[in-house]
Amino acid sequence: MKPESELAPFDFDFESGHAREHVRDQLKTNGFAYLKQAIHRETAENVSTDVWNYLELVDVYRNRTASWPVGRPQRGPVFRAIRDYEEGLSPLFSEKFERDIATLINPKLRVGQEKILYMTFPNANQDVNRWRVPWAMWHNDFSGDGTGKTRAYLGFVLLNDVQAGGGNLVFLSASHRLDEVVAPQHASAIMKQLSRKSTVLERLWDRREEAQGAVVGERCNVDGIELQLLEMIGSKGDVFILDGSLLHAPTSNERSYVRLAAKCFLYFKK
Ligand SMILES: O=C(O)CCC(=O)C(=O)O
C-alpha cells in the first residue's frame with residue numbers, strides 16, 4: 001500500500017500572527033513550510049512565458065515537443081539547473097516577497113544574490129508508472145558558514161502545475177534536525193551513516209539496479225526524529241520554504257509537460 005504523504009498547504013495571510021507561528025513551527029519541526037499561492041499565478045505564468053521566449057534563442061519552443069531536450073529515465077542521476085537566468089526571476093523574488101517572507105520567518109531574513117531556474121524536460125516515452133524516487137544526487141544546500149551564525153533557507157516557487165512524477169524535487173522532512181546533518185559533512189557521509197540507522201533510508205539510497213527503493217510518503221524514525229519522504233507537488237505560484245540543511249534531490253520527469261521552478265537563497269545572521 002502506498003503511504004499517505006503529508007504535504008498540507010497553508011492558506012495564509014502574511015500579516016497574521018497565527019501564520020507566523022504556524023510557519024515558524026513547521027520550519028523548526030519539519031524543516032519546510034508550504035505556502036499556497038504566495039505568489040500570484042499570473043506572475044508565475046509571466047515568468048515562465050519569458051523563460052520560453054528566451055529559449056527560442058536556442059531553438060527550443062514551448063509548443064513543439066520535438067525541439068525539447070529529453071531527460072533520462074532512472075533512479076539515478078538527473079540535473080538541470082540554469083544559473084544565468086537571475087534577471088528573469090526578479091519578478092518572483094521582489095522586495096515585497098523579501099518583506100513578506102521576513103515578516104513570516106525572521107525580520108532579518110534577506111534574499112541572497114544567487115537565483116536558480118530549474119527546468120525538467122520529460123523523459124523519452126514518458127511513463128508515470130516508471131517514476132521512482134531517485135537514490136542519487138541527495139544533498140543539502142547549506143551546511144553552515146563556519147561561524148555558526150548564519151541561517152539559510154531556500155525559497156522555491158513553482159512555475160507550473162505539477163503532479164506526482166513530474167520531475168519535482170523530493171526531500172526528507174525533518175532531516176535538518178539530525179546530528180549527522182548538523183555536523184556538517186559531505187552528503188555521501190551523511191547517507192552512509194543514516195543508512196545504518198533506518199531500513200527505509202537504506203532502501204532509499206541503495207543504488208543497485210534491482211533495489212526496491214523507497215516511495216513518497218514513507219516515514220521512518222531516526223534517533224527519535226520522525227522523517228518523511230515527500231515530493232514537492234503543487235500549483236504555479238505555490239511557494240515552499242525549505243531549511244537550507246534539509247536533504248533533497250532532483251528527480252526525472254515522467255509527465256508530458258516541462259516542469260519549471262525557481263529557487264532563491266534566504267539568509268540571516270543570528
Ligand atoms: O528542484 C530541483 O529540480 C532540484 C533542486 C536542487 O537540487 C537544489 O535546490 O539543490
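Biologist: On what basis are residues numbered, and which parts of the model are used?

Modeller: Numbering starts from 1 along each chain as its sequence is written. The model is predicted, so local features need pLDDT of at least 70 and side-chain atom pairs count only at pLDDT 80 or more, whereas totals for chains, interfaces and linings use all residues.

Biologist: What makes the protein as compact as a globular protein of its length?

Modeller: The secondary structure comes to six helices and ten strands, where helices (H or I, at least four residues) and strands (E, at least two) are DSSP runs numbered from the N terminus. The radius of gyration is 18 Å, close to the 18 Å that the globule rule gives for 270 residues, so the protein is as compact as a globular protein of that length. That radius is taken over C-alpha atoms, and the rule is 2.2 Å times the number of residues to the power 0.38. Along the principal axes, the C-alpha atoms fill a box of roughly 50 × 50 × 35 Å.

Biologist: Why is Asn 123 called buried, and why is Arg 64 called exposed?

Modeller: A residue is buried if 20 or more other C-beta atoms lie within 10 Å of its own, exposed if 12 or fewer, and partly exposed in between, with C-beta atoms placed from the backbone. Asn 123, in the loop between β3 and β4, has 20 other C-beta atoms within 10 Å and is therefore buried. Arg 64, in the loop between α2 (41-55) and β2 (81-82), has 9 such atoms within 10 Å and is therefore exposed. Of the 270 residues of the protein, 41% count as buried.

Biologist: How do you know that the buried residues of α3 lie on the same side of the helix?

Modeller: The buried residues of α3 (residues 95-104) are Phe 97, Ile 101 and Leu 104. They cover an arc of only 60° around the axis, which puts them on the same side of α3; the arc is that of the directions from the helix axis to the C-beta atoms. An α-helix has 3.6 residues a turn, so residues three or four places apart point the same way. The face turned away from the buried side of α3 carries the exposed residues Glu 95 and Lys 96. The buried residues of α3 pack against α1 (17-29), β4 (150-158) and β10.

Biologist: What makes β1 and β2 edge strands of their sheet?

Modeller: Two strands pair if DSSP finds at least two bridges between them. Six strands form an open sheet in the order β1-β8-β4-β10-β3-β2, with antiparallel pairing. β1 (32-35) and β2 stand at the edges with a single partner strand each, so one side of each is left without a neighbour in the sheet.

Biologist: Why is β8 described as largely enclosed?

Modeller: Five of the five residues of β8 (residues 239-243) are buried, so the strand is largely enclosed by the rest of the structure. Val 239, Ile 241 and Asp 243 are on one side, Phe 240 and Leu 242 on the other. In the sheet, β8 pairs with β1 over four bridges and with β4 over five bridges. Ala 33 stands opposite Ile 241, and Tyr 153 opposite Asp 243.

Biologist: Which residues are placed around the ligand, and what are their classes?

Modeller: A residue is near a molecule or strand if its C-beta atom, placed from the backbone, lies within 6 Å of it. The residues around the ligand are Tyr 118, Thr 120, Asp 141, Leu 169, His 248, Pro 250, Ala 261 and Lys 263. β3 (110-120) and β10 (259-269) each give two or more residues to this shell. By class, the shell has four nonpolar, two polar and two charged residues; Ala, Val, Leu, Ile, Met, Phe, Trp, Tyr, Cys and Pro count as nonpolar, Asp, Glu, Lys and Arg as charged, and the others, Gly among them, as polar.

Methods
Contact = placed C-beta atoms within 7 Å.
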